Number of protein chains: 4
Amino acid sequence: LKKKFGILIIGARGHLATTLMIGTLAIKKGLCPPTGMVTALDAFSHLNLTPPEDLVLGGWDIRAGIAPGIIHQILSDIGPINRRDLDYIENALDLISTNIYPGTTLNCGQAISELADPKITTQSQTIKEIISRLQRDISHFRNRHGLENIVVVNLSSTEPLLPGETSAITLDRLTQIIENNEVDAIRAGTLYAYAAIDAGCVYINFTPSASAMVPGLITLAEKRKVPIMGNDGKTGETLVKSVLAPMFAYRNLSVLSWQGYNMLGNMDGQVLSNDSNKSCKVKSKDKVLSKILGYKPHSKVAIDYVPSLGDRKTAWDFIHFEGFLNTKMSLQFTWQGCDSALAAPLVLDMVRLGLFAKKKNEAGLMKHLASFFKSPEGVNEYNMHDQFQMLLDYANAHRSSDFQPSIIQLKKAN
Amino acid sequence: LKKKFGILIIGARGHLATTLMIGTLAIKKGLCPPTGMVTALDAFSHLNLTPPEDLVLGGWDIRAGIAPGIIHQILSDIGPINRRDLDYIENALDLISTNIYPGTTLNCGQAISELADPKITTQSQTIKEIISRLQRDISHFRNRHGLENIVVVNLSSTEPLLPGETSAITLDRLTQIIENNEVDAIRAGTLYAYAAIDAGCVYINFTPSASAMVPGLITLAEKRKVPIMGNDGKTGETLVKSVLAPMFAYRNLSVLSWQGYNMLGNMDGQVLSNDSNKSCKVKSKDKVLSKILGYKPHSKVAIDYVPSLGDRKTAWDFIHFEGFLNTKMSLQFTWQGCDSALAAPLVLDMVRLGLFAKKKNEAGLMKHLASFFKSPEGVNEYNMHDQFQMLLDYANAHRSSDFQPSIIQLKKAN
Amino acid sequence: LKKKFGILIIGARGHLATTLMIGTLAIKKGLCPPTGMVTALDAFSHLNLTPPEDLVLGGWDIRAGIAPGIIHQILSDIGPINRRDLDYIENALDLISTNIYPGTTLNCGQAISELADPKITTQSQTIKEIISRLQRDISHFRNRHGLENIVVVNLSSTEPLLPGETSAITLDRLTQIIENNEVDAIRAGTLYAYAAIDAGCVYINFTPSASAMVPGLITLAEKRKVPIMGNDGKTGETLVKSVLAPMFAYRNLSVLSWQGYNMLGNMDGQVLSNDSNKSCKVKSKDKVLSKILGYKPHSKVAIDYVPSLGDRKTAWDFIHFEGFLNTKMSLQFTWQGCDSALAAPLVLDMVRLGLFAKKKNEAGLMKHLASFFKSPEGVNEYNMHDQFQMLLDYANAHRSSDFQPSIIQLKKAN
Amino acid sequence: LKKKFGILIIGARGHLATTLMIGTLAIKKGLCPPTGMVTALDAFSHLNLTPPEDLVLGGWDIRAGIAPGIIHQILSDIGPINRRDLDYIENALDLISTNIYPGTTLNCGQAISELADPKITTQSQTIKEIISRLQRDISHFRNRHGLENIVVVNLSSTEPLLPGETSAITLDRLTQIIENNEVDAIRAGTLYAYAAIDAGCVYINFTPSASAMVPGLITLAEKRKVPIMGNDGKTGETLVKSVLAPMFAYRNLSVLSWQGYNMLGNMDGQVLSNDSNKSCKVKSKDKVLSKILGYKPHSKVAIDYVPSLGDRKTAWDFIHFEGFLNTKMSLQFTWQGCDSALAAPLVLDMVRLGLFAKKKNEAGLMKHLASFFKSPEGVNEYNMHDQFQMLLDYANAHRSSDFQPSIIQLKKAN
């Protein structure tokens, strides 16, 4: 009998989660190739990762349903779809919907609470009770579908920074917080992560929320023999930054200023228009430059909510630099990306690689996933190329001895 | 007694050569740091390369003098310069001018010939006589300044493609062409290179001219134990391309179209506005994408001459790509670089590394210089990051055994 | 009984024509407002123009059907459409299809002929026979639907320039060409226009084809008391140019260079990738700057075919200018427009204004439509603002005497 | 004897004032044409305005001297200047320096006070005493140079908004404030303006400071028969906005979002990096769109201080708009302007036109100068084209009766 595996998504009714679900279904139906999935490259074919279409999908959310019209929008670049395929996708989505459990908004800040179904926000449960509830959901999902392993992925909105120092939340402190029900010391994101890791699930924090990757969670993962990784999926401006900034370093060109102006129109943008939520995101984006360049140029990352853009994120970066004879020059770029379409395949990649790591009995931080994140936990490498090499090296280390690395291995599998 | 080294520049009165000369003088006077020089990075400090300010400068040109006002323009970003320093630079340039010999326009095409001093174009010498003359210039320069070694660098305008197959010009065929004075089979660029290599000089082809790097020249270099490399310095749009294109490959994003529109206002732009000269350049820029991506997207590199820009090159690139669920997205960038300020320090880098290779008795193609070129001769690697790693590996191979590579090594030396 | 009016579109199966048809139907069904229609502004409400949804649509084409998937694409920004509305649109399009007659490819150049249904290109008819056939189509359409008046609009692909001087094709010469069946002296576009005007139809040349607006056609329009206008709908880069260039004139800033790089992915782009067809287009775009600035700056309009863009045209313009103390500055813009969505409402505007002019017994060139065209026939004004004022003045001249012009009149009617 | 006229600049040691001074001298020496001056257009030649080189320059400042290297920077695009001409400019600037009086920092906010010479900020004078002192400076300047008339121009840094309603500061209230020495109710900018107008000087507020154009000052100007105008010189992003926004209105395209991101590196940018000073600027930029479009789209104007840019302001605007069939499209532009080089000639224009108005005994608001300002006082027209027409109409009204307006009149006079 074929083994089955599941994903539980925190934020399962969001645009990104819905894109992931529809994409998985569309690939299954042959409506589109797995473009955008790193693990679909030839370089990873020998790992025999779980096909995305074999994953059972589910999760939690604080909202009652998805936005109307979202399916139409997500499928719009596929071209005309025949009635039968559309029906299939709609029915399959309904089925997945039965795997979506009510989430928690515990101390996740006003910007997020406002989006929640009143039924959820009015619940009054202790931290312990919430964790138990989430773990019952995990068991229910596991048993219902007979799953070998589950990956829990955090795709929810960015939470505000924790009130105190994130580094102070060790496992001992975390246990104490849970015991004493110190609700203000943690956030919803901490609870999902705790519940997942404690229940033996692989855990991925795709958000910038520091609350969802406190040191205590990493220690717990090591204890429970669970692979985890975060934070903040690298899908847009920061991705470009992490390939472009090395150019200036290699050529000894002095970056004077690097200004970035980001416009987002989706729920992510709406939540980030709240300053306390934005601080977490900006902090995550900010390290990249100084780590790659070796010095800190004048730099600012501005983020604005522009509703008309929807999921089509637009970012403009201006790089002012100095060369020979102090000559001032500039490079500017405009990135027009579809946030969810860029993020969804990376989530699938990490789910597949997380399940692989679990099978290989690897535990703790999956540092080889650094290239997927803006702030790779426990990794000091921010140059995209060196990060990608870490991933290739990992894949090659799991290859038989007669391996010959070459440029050809990058060619698309589809 | 300190050993002395020289550079002979083909195109010594051009904007790039003049920038190189002024920059060397300005660094010597402490007016600016060596920003833009790769070999000024910490990663190369242990090689003890010849300081640029110790090089004796000279060359050939087909024009009688430099453009008026060019010194002012090249120094404009330095800030106000005191009278004494300016006088020093002007006098030193006059002195260098006595090291500039008349060049040759043999079969270099109408666009270039038109720029030449009539005294040069009306000369009628056989190929053999020209080569002898150029080698007498080299000897004269060597003896006059007591030079240990000389690097000849081709910074002249792009010549038209050769009439036949470039690959057919082996050393035997080249010898035959010289013997029979088959003037139409080669170009001026071939003669300079032959003269230089045959006289034991390190040779760098910074231009896209295929005529200046025919196979016969490489064989000759191997025979004469001379290090050489080319072609076409990578300073602008292609540089950005070679760091950006890998991002699409790493992420399995499908590049649909990559259009580049380049505007140049200097002599280079003027010569390239001639279609036969342009073809050589476009060919050189064209390979990068397909080599990095593993497939050939719809792509075009357009080049226009826009005189008002002067040396300030402006390029706009538009990249149309497809991701998950066939979602179409785009990235565009505008590069506003000062061509000579970007190229001059790279020439100094390669001169220093060329002299180093010569000292180490290395001969033939210096493949570790691939990152400096759009079309690195004999190298199949076009990803800037992997090319740069080749250079670091070379530097490290010449390091003592206790070496610890780290990100810190890239920090600027100044 | 309500009077009925018709449009016959040359190029009726093209993307633009199909967008016009679908848009008219969508407005009728209330799926979208008439955004993009100039005549929907308050400033024109007093003219009581024919509502677009009351127009009967038809035309000619050389192709057998529209591209598959085109309806999906044109409706993609509307959001999800319910099944009944979609069925309505598809059925109505089928009905319109019965009003589409086979066109002619007489001497319209290889790039266009290649697109044609073989049944059409293999026809051998004399000029006279073709004109008769086209006029029979007009009569058939008129009688079938009981139409009061018909507007013929040229939306076909750009034809190559005429072999001789366009200005030489007076009405006498045109008559002679028809009599002698001098097939090489004119093009398909000339025949449609002749047939339409001669049959008393209002005529609009929305294309850059000079062949479709030779002087003889204007004389014929004056004789037949028919309002006509052209050439080349102003929908993208040139539109922006015609509002931006005046800024430099007003401020006495000296434009040094204005470079435009246009990428088109639709049929229009494909036909324009043929150099002989492109020349007509570039010529039409080229006049704008010198007419507005009063001098001719260095300028180039490059056009490339980039299939992946489809109907989404992207243009990048770079304007280099000089101000006080010779200071050099620049402005660049990227226009990402949907060609058909921009053009279709303008066609509807001109059809409505053409029918109005006909009703008012106006004949010959409708110069007040200058703002709609890149090369407004018979008009020397290229500043968009002054052109738009001409249209407002025309509308106001048809207003009762108590009219008070104000900014409010521009507010959107929807 | 020839009549003489003077300018007194508030902020006379700033970059803009220095550019104005150097530009006037350079034009006098024939080093550059009067490019960028609107009044140098043919359309204004019949007004016989005072030549800029005949103006006597002076002013006030709170700093002791200009920034070192500023002359070099301002002249950098002129090309190489011979020693004699440079000496002339430096000496003439020294002479002008003797016409620069100490300013006042009364209640102008921390960001500005910090820039001041300590000698100035430590002064403790009543409002009345300061006004008297400023008027003694005016008399001294007038008598020293035998001036017929003087224009006072406010080019100082943006002050914070007034604590109360600007509209409440009528002339009566202003008199009361002065009598009672209510220092907190006004700012330095109010005092300069009061002193100037009360002393019969033409007054121009080129800054966004609301404090420098309270209603009481306008009433005073009417009483003293003095022409005045403001506010906030239109030189960059807003200028482009005021020519581009009409395009969307004319074409009935619906602007969904208009986001502007401005980077400034000069003193202006530094002062604006203080939030209380920025608010005045943003308010001034914000009205333009809604006034032109007739509705208020989602819009934001962000301003950041980027020191490396110096006086080279860079702004990126992104316009998201909707057309036919709800199709979403976009336009983006990058403006790279030199702030002072754009503003200085406009100041000269308004000085010339102010002196002309004074000669013609015109008093109060010079509404015909609307095109020069972001927030033209007393004018409801924000479309640049209609504003420019107001200026042409004014010039034509002062023309003899045989005037024939034409496009040719715009051609540059130089």
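Strand 10 of chain A pairs with strand 10 (residues 328-338) of chain B in the antiparallel sense, over seven bridges. Helices (H or I, at least four residues) and strands (E, at least two) are DSSP runs, numbered from the N terminus, and two strands count as paired if DSSP finds at least two bridges between them. Within this pairing, A:Q332 stands opposite B:T334. The model is a predicted one, in which local features need pLDDT of at least 70 and side-chain atom pairs count only at pLDDT 80 or more, while totals for chains, interfaces and linings use all residues. Residues are numbered from 1 along each chain as its sequence is written, chains are lettered from A and ligands numbered from 1 in the order in which they are written, and side-chain values use heavy atoms, with hydrogens and water left out.

Now to the wider interface of these two chains. In all, 74 residues of chain A are in contact with 74 residues of chain B, contact meaning heavy atoms within 4.5 Å. The area buried between chain A and chain B is about 5900 Å², and carbon and sulfur atoms give 63% of that area; buried area here is the accessible area (1.4 Å probe) that two parts lose on being put together, summed over both. A:R251, A:F324 and A:L325 supply 17% of what chain A buries against chain B, more than any other three residues. Elements that give two or more residues to this side of chain A include helix 1 (15-28), helix 12 (275-293), strand 9 (312-322) and helix 13 (339-359). Strand 10 of chain A gives the most, with 11 residues. By class, the side of chain A that touches chain B has 45 nonpolar, 20 polar and nine charged residues; Ala, Val, Leu, Ile, Met, Phe, Trp, Tyr, Cys and Pro count as nonpolar, Asp, Glu, Lys and Arg as charged, and the others, Gly among them, as polar.

As for polar interactions, 21 residue pairs (both at pLDDT 80 or more) are in polar contact across the interface of chain A and chain B. A polar contact is a pair of N or O atoms within 3.5 Å; within protein, one must be able to donate a hydrogen and the other to accept it, and residues adjacent in sequence count only if both atoms are side-chain atoms. Zero salt bridges are found across this interface, by a rule that asks for a side-chain nitrogen of Lys or Arg within 4 Å of a carboxyl oxygen of Asp or Glu.

Buried means under 20% relative accessible area, exposed over 50%, and partly exposed in between (1.4 Å probe, protein chains only). A:F5, A:I7 and A:I9 lie on one face and A:G6, A:L8 and A:I10 on the other, and both faces are covered. Strand 1 of chain A pairs in the parallel sense with strand 4 (residues 149-154) over six bridges, and six bridges also join strand 1 to strand 2 (residues 55-61), again running parallel. A:I9 stands opposite A:V153 in strand 4 and has A:G59 as its bridge partner in strand 2.

B:R133, in helix 6 (residues 127-145) of chain B, is buried at a relative accessible area of 10%, and its side chain makes a polar contact with that of B:Q125 (2.9 Å). C:L244, in helix 10 (residues 237-250) of chain C, counts as buried at 2% relative accessibility. Leaving out residues up to four places away in sequence, C:L244 touches C:W258, C:I319, C:L331, C:F333, D:V240, D:V243 and D:L244.
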